[in-house]
Amino acid sequence: MPSSTAFTRRGFVTATAGVAGAIAATPLLSACGSSAANKGGVTTSKGLASILPDYVPLTNGPTPDIPIVTGKAGATSDPGFLSYPTNLVKTVSGTPGSGGSYSAIIPLWGTIPKAGNAYYTALNKALGTNLTVNPANGNNYGTTLPTLVAGNKLPDWINIPSWNNGQANTGELTTERFADLTPYLSGSNIRKYPNLAAIPTGGWQSAAWEDKIFGFPCWTSGNSFTGVLYYRGDVFSSKGINPGEVKNSDDLYALGAELTSKSAGVYAFDGLWYSIQQMFNAPPNGPGAFVIKGGKVISAYDTDEFAAALAFAYKIAKSGYMHPSAVAGDTNDGKQRFWSGKSLIEADGTGAWDLADDTSGKGANPSYVRSAFPIFAADGSTPTIPLGASSGMTSYLNKNLSKTQIEEILEVANYLAAPFGSYEYTMINYGIEGVDYTMTSSGPSYTKQGDNESNQAIYQQLVTPQSAVTNFGASDVTKGLCAWTGNAVKYAYKPTFWDMNITAPSQYQTAYSMAEVVDIVNQVTYGSKTVADFQTALANWKKSNGQKMLDWYTANVYDKYGDGS
């Protein structure tokens, strides 16, 4: 299994397609809703404090080789495993279900397995239920959801990715169509379900609407950082460069001349934008990213820190030290440039540091080593790094289910949330040994049947345990990523409206997307537009409808509910 990080549409789809240079980023806020009123949504710090489940790390699960590190703002690193556990510990006693029949719908990016296959049958037997999961095409899932709602065809259990919240009008659905799980899971109530209790708190916050718990988090990470500043560790070592001496943006820029050899087609830098934002302490930017200034909500773009970050990105692009293809905006071949040593420093997501990357890099150069700079601030002061959304997906239960049915599904969910390397996890992710997989020195390996039936994220789209970092056969990769995140969590902070579910009125949809501003930002980072061009675009955005949207957030979110801190 590859390195496991929080599941997001961008991260999942690009990882599957092998697209280079992708950065996983989940919107902190849901997209615009259909009504002018804010029906459903907006969690508050005070309300959450009274309903969030206790976080209780498991004591009877597999012991990771690299333990979790607890940092600031509730951030934690994810556990690391250097090998697949050989003793498959059971974390659930007995059969969780009591024979109930339930339907579920989930998005799937891949081949849909045959209905009623042997893997489904075996897992239903283990669960003690007749759970029929119907995968739908993930690429058009956003249009599938409204059809289900309009036709009153919602199943008993449904997954809604955060990026589809606007199309599904999830905020309104939580109050009208979905079951309130707060009485079952809030505070100490969750301790009845130990595997669910071991999911980091941020995951449950992602599943909360209007200070109530409505769902189960999927693909939860304790950190979900947007980007990492990577370098070619083998090249640095051969040149005697100590990455630990890079302590500010000037030090980074100085590497440009040292590493660039235009005659050899080698350039110091590829795209660095996401890491530049971190080092300049620029708030997470993009649609739905805000900060508070003078008691008012402003766009994350509209800050001195963001302007300084953009100016440095422009400087890098115009320096002659950035690979010409990166300057031209070619992200598709970014990984190939890094693997082949044509660019030596790049920004990418944590998901880029995995076994597949190590294999591809060594295919281009047997000496290949991906390494990462510890985070640093542009001015050399104490760095900071914003937390991303804890969970990219949430699954919900139908409000029409009875209390007895909900309690049965909770037991099933507890089984599905079993931690990495446990007996239950292995059953969910691989199926039956000897039928769907064989156990090798590198862990479970799918058989031909398993590849067709159990090698898809089906039940994982209903609830998952905390992500784990695993790269069997490339232990140094796991060690490196865990060391980087273990350090980064010490500097984490919660950005404005972090993990708050907010549904804004539909008239602000265009303003929310900020398409023209985003386009100019990208062009500035490539050196084809200036910071002044960006500031003009931002001013025009505020005049068109952007400022009205910001005023709405001030009056209807910040003034009433705070900033989520």
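Q: Which residue in β17 does T438 stand opposite?
A: S445. Keep in mind that this is a predicted model.

Q: How do β16 and β17 pair, parallel or antiparallel?
A: Antiparallel, over four bridges. β16 covers residues 437-440 and β17 covers residues 443-446.

Q: And what joins β16 to β17?
A: A hairpin, through two residues.

Q: Zooming out. What domains is the protein divided into?
A: Domain 1 and domain 2. Domain 1 takes 58-223 plus 391-493. Domain 2 takes 228-386 plus 504-561.

Q: How many residues does each domain put into the contact?
A: Domain 1 gives twelve residues and domain 2 gives 19 residues.

Q: How far apart are the C-alpha centres of the two domains?
A: They lie 31 Å apart.

Q: What area do domain 1 and domain 2 bury between them?
A: About 1300 Å², with 70% of it on carbon and sulfur atoms.

Q: What about polar contacts between the domains, how many residue pairs?
A: Four residue pairs, with both residues at pLDDT 80 or more.

Q: Which elements supply at least two residues each on the domain 1 side?
A: α20 (475-488) and β19 (492-493).

Q: Which element has the largest share of that side?
A: α20, with six residues.

Q: How does the domain 1 side divide into nonpolar, polar and charged?
A: Nine nonpolar residues, three polar and no charged, on the side that touches domain 2.

Q: Back to salt bridges. How many in the whole structure?
A: The search finds ten.

Q: Give me one. What does K542 meet in a salt bridge?
A: The side chain of D302, at 2.9 Å, N to O.

Q: Where do K542 and D302 lie?
A: K542 is in helix α23, residues 531-561. D302 is in the loop between β11 (296-299) and α13 (304-318). So the pair ties together parts that are 240 residues apart in sequence.

Terms used: Residues numbered from 1 in each chain as written. Heavy atoms only, no water. Pairing = 2+ DSSP bridges. Domains from an automatic or database assignment. Contact = heavy atoms within 4.5 Å. Buried area = accessible area lost by both parts, 1.4 Å probe. Polar contact = N/O pair within 3.5 Å; in protein donor to acceptor, adjacent residues only side chain to side chain. Nonpolar A, V, L, I, M, F, W, Y, C, P; charged D, E, K, R; others polar. Salt bridge = Lys/Arg side-chain N within 4 Å of Asp/Glu carboxyl O.
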